[in-house]
Amino acid sequence: MHIWVDADACPVVIRDILFRAAERTGVELTLVANRWIKTPAARNIRAVQVEAGFDVADNEIVHRVSAGDLVVTADIPLAAEVVAKNAVALNPRGERYTAENIRERLNMRDFMDTLRASGIDTGGQSALGTRDRQAFANQLDQLLAQSRPTSRRD
């Protein structure tokens, strides 16, 4: 498993959780953003800076992701492309996007965009709280545990 992070909008506290998990497990972690992002001095953690522009970082992630990889993103269209490539998408609040729920999330996103375009104030998400961070950390731990090869004893 390789973890890809849509880092332009990823909260610092979530990046810190990812850094600790990558250092603990040795899993490869790559942050993709259109700006420079500081990473710990670890051989398995790196950042890729892409050109500025609409969906440039998303497109880079889609280009690089493989089946079985994990992508951390709050971007629902990116999550849909990731799921279509048989990779796992997880948002910073700990919600896992799946083939079963991604269509509903896309429809709701499009509906909310339509409301906002017509001048209706739809509000926004609440600030990332302790429960959200814990839900993210729990989901990440589960996914990392599932990806570890099982050791075989003869």
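**Salt bridges, pair by pair**

Analyst: Glu60 and Arg64 are about one helical turn apart, because they stand four residues from each other in helix 2, where helices (H or I, at least four residues) and strands (E, at least two) are DSSP runs numbered from the N terminus. The model is a predicted one, in which local features need pLDDT of at least 70 and side-chain atom pairs count only at pLDDT 80 or more, while totals for chains, interfaces and linings use all residues. Residues are numbered from 1 along each chain as its sequence is written, and side-chain values use heavy atoms, with hydrogens and water left out.

Glu60 and Arg64 form a salt bridge, with their closest N and O atoms 2.5 Å apart; the term stands for a side-chain nitrogen of Lys or Arg within 4 Å of a carboxyl oxygen of Asp or Glu. Side chains of opposite charge can pair when their charged atoms come close. Both partners are partly exposed, Glu60 at 22% relative accessible area and Arg64 at 33%, on a scale where buried means under 20%, exposed over 50% and partly exposed in between (1.4 Å probe, protein chains only). The search of the whole structure finds four salt bridges, and two others, described next, involve helix 5.

In one of them, Arg24 pairs with Asp141, the closest N and O atoms being 3.1 Å apart. This pair links distant parts of the chain, since Arg24 belongs to helix 1 (residues 12-25) and Asp141 to helix 5, 117 residues apart. Arg24 counts as exposed at 53% relative accessibility, whereas Asp141, at 37%, counts as partly exposed.

In the other, Asp132 forms a salt bridge with Arg93, and here the closest N and O atoms are 2.9 Å apart. Asp132 lies in helix 5 and Arg93 in the loop between strand 5 (88-90) and strand 6 (96-97), so this pair ties together parts that are 39 residues apart in sequence. The helix in question spans residues 130-147, and Asp132 within it is buried, with a relative accessible area of 18%. Once neighbours within four places in sequence are set aside, Asp132 is in contact with Pro92, Arg93, Gly94 and Ala127, contact meaning heavy atoms within 4.5 Å.
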